[in-house]
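Thanks for coming. Please have the structure open while I talk.

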Amino acid sequence: MAGLHPQGAALSLRQIEVFHAVMLTGSLSEAGRMLFVTQPAVSRILASAENRLRYPLFERIKGRLQPTPEARRLFAESEQIFDHVNRFNTLATGLGSGATGTLSLVSSPSFSEWLIPRTIQRFREKHPGTAIRYRPLAFDILLPHLLLGHADFGIASMSPPANANVAAEEIGEGWLGCAIPRGHPLAARSRIRADDLRGHLLIGYEAETPFGRLAARFMNSGASPLQPDIEIRATPEALALVRQGVGVALIESFGYHPDFQRDFVLRPTDPVLPHKIQLLHAANSPLSTTARRFATALRQVIKEAPAAGR
């Protein structure tokens, strides 16, 4: 055919789109209306596609366009292309609105008692189509989890090391508290000093853990350093022991909620030891729109959190 490209060449996405539209509508003018372009524009793009392919896609028979056998085979392939395009657009729209997709997060175990569950509940009320994967992890496991891409972001009560390649954003503040079983002699006190704990069974943390280092500041603030009678790694373990009346424990303030007061009370330490709540993510992986919406819900839950006696 005169004027055809000397060698077959790949079609552009625009040429495939025009071909697909002509196949669907059966005419150049209807394809133009479908694509919001003029009929001459459709004709030019279709002619350039045939020129690239070096064979005709349509024949005009009695004034109507009739697809060639080659065009019918290509149309079956183009249907799959546009099915994927439609799925792409559905996903892209859903990710922007929070109506679809998966959100993966991790947190320090102390936030698994109620803070993260309450935030997930609030987030899901607005974005029920978003699946959530949540894992409470110790800080030394949480950071590698983020860096390896196993989670979109994490919530922790400690800042990452300066060279950890992890971005950190302060989203709230917690403080060190003393969880005391109901009926315990210390439950009547409004604040707890280190020396008040002498003679009482103390549940503490491994010294090398981040929360263990924070707790050590309080335990060393009395006349002489305190040593825990029972050593654990995380707040949920400490609270399980406190609920059984085993002893008192130092915990992160967001490990407690007034709904828990039937089992134990939380008293602030003297001196008060605050700490920042950090939202962490890999420095080379910015937060998605969905993750930012979750962070907004989390900030609101933190803001509304009861003072728990502080």
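Start with Tyr 256 and Phe 264, which are both buried, where buried means under 20% relative accessible area, exposed means over 50% and partly exposed is in between, with a 1.4 Å probe and protein chains only. The ring centres of Tyr 256 and Phe 264 are 5.4 Å apart with the planes at 65°, so this pair counts as edge-to-face. The rule is that rings of Phe, Tyr and Trp, the last by its six-membered ring, pair if their centres lie within 6.5 Å; planes under 30 degrees apart are stacked, over 60 edge-to-face, and the rest tilted.

Before going on, the conditions. This is a predicted model, in which local features need pLDDT of at least 70 and side-chain atom pairs count only at pLDDT 80 or more, while totals for chains, interfaces and linings use all residues. Residues are numbered from 1 along each chain as its sequence is written, and side-chain values use heavy atoms, with hydrogens and water left out.

pLDDT is the predictor's confidence in each residue, from 0 to 100. The chain average is 88, and 93% of the residues score at least 70. Over residues 1-5 pLDDT stays under 50, and the model has nine contacts for them beyond four places in sequence, a contact being heavy atoms within 4.5 Å. Where pLDDT is low, the predicted coordinates should not be read in detail.

Back to the rings. The rule gives a count of seven aromatic pairs. One of them, Phe 19 with Phe 58, is tilted, at 6.1 Å centre to centre and 50° between the planes. Phe 19 is in helix α1 and Phe 58 in strand β1, 39 residues apart, so the pair links distant parts of the chain. Helices (H or I, at least four residues) and strands (E, at least two) are DSSP runs, numbered from the N terminus. Phe 19 and Phe 58 are both buried. Separately, Phe 123, Phe 153 and Phe 294 make up one aromatic cluster.

Next, helix α2, residues 28-35. Which of its residues are buried? They are Leu 28, Ala 31, Gly 32 and Leu 35. These cover an arc of only 105° around the axis, which puts them on the same side of α2; the arc is that of the directions from the helix axis to the C-beta atoms. The buried residues of α2 pack against α1 (13-25), α3 (39-53), β1 (58-61) and β2 (64-67). After α2 comes Phe 36, with a positive phi near 60°.

Now the domains, whose bounds come from an automatic or database domain assignment. That assignment gives domain 1 (13-67), domain 2 (103-172 + 277-304) and domain 3 (173-274). Between domain 1 and domain 3, the C-alpha centres are 75 Å apart.

Last, the cores. A nonpolar core is a set of buried Ala, Val, Leu, Ile, Met, Phe, Trp, Tyr and Cys residues joined through side-chain atoms within 4.5 Å. The largest has 68 residues, and Phe 153, Ile 155, Leu 197, Phe 218 and Ile 251 touch the most other members. Strand β6 (residues 166-181) gives the most to this core, seven residues. Domain 2 and domain 3 both give residues to this core, so it lies between them. A second, separate core has 18 residues, including Leu 35, Leu 57, Phe 58 and Phe 75.
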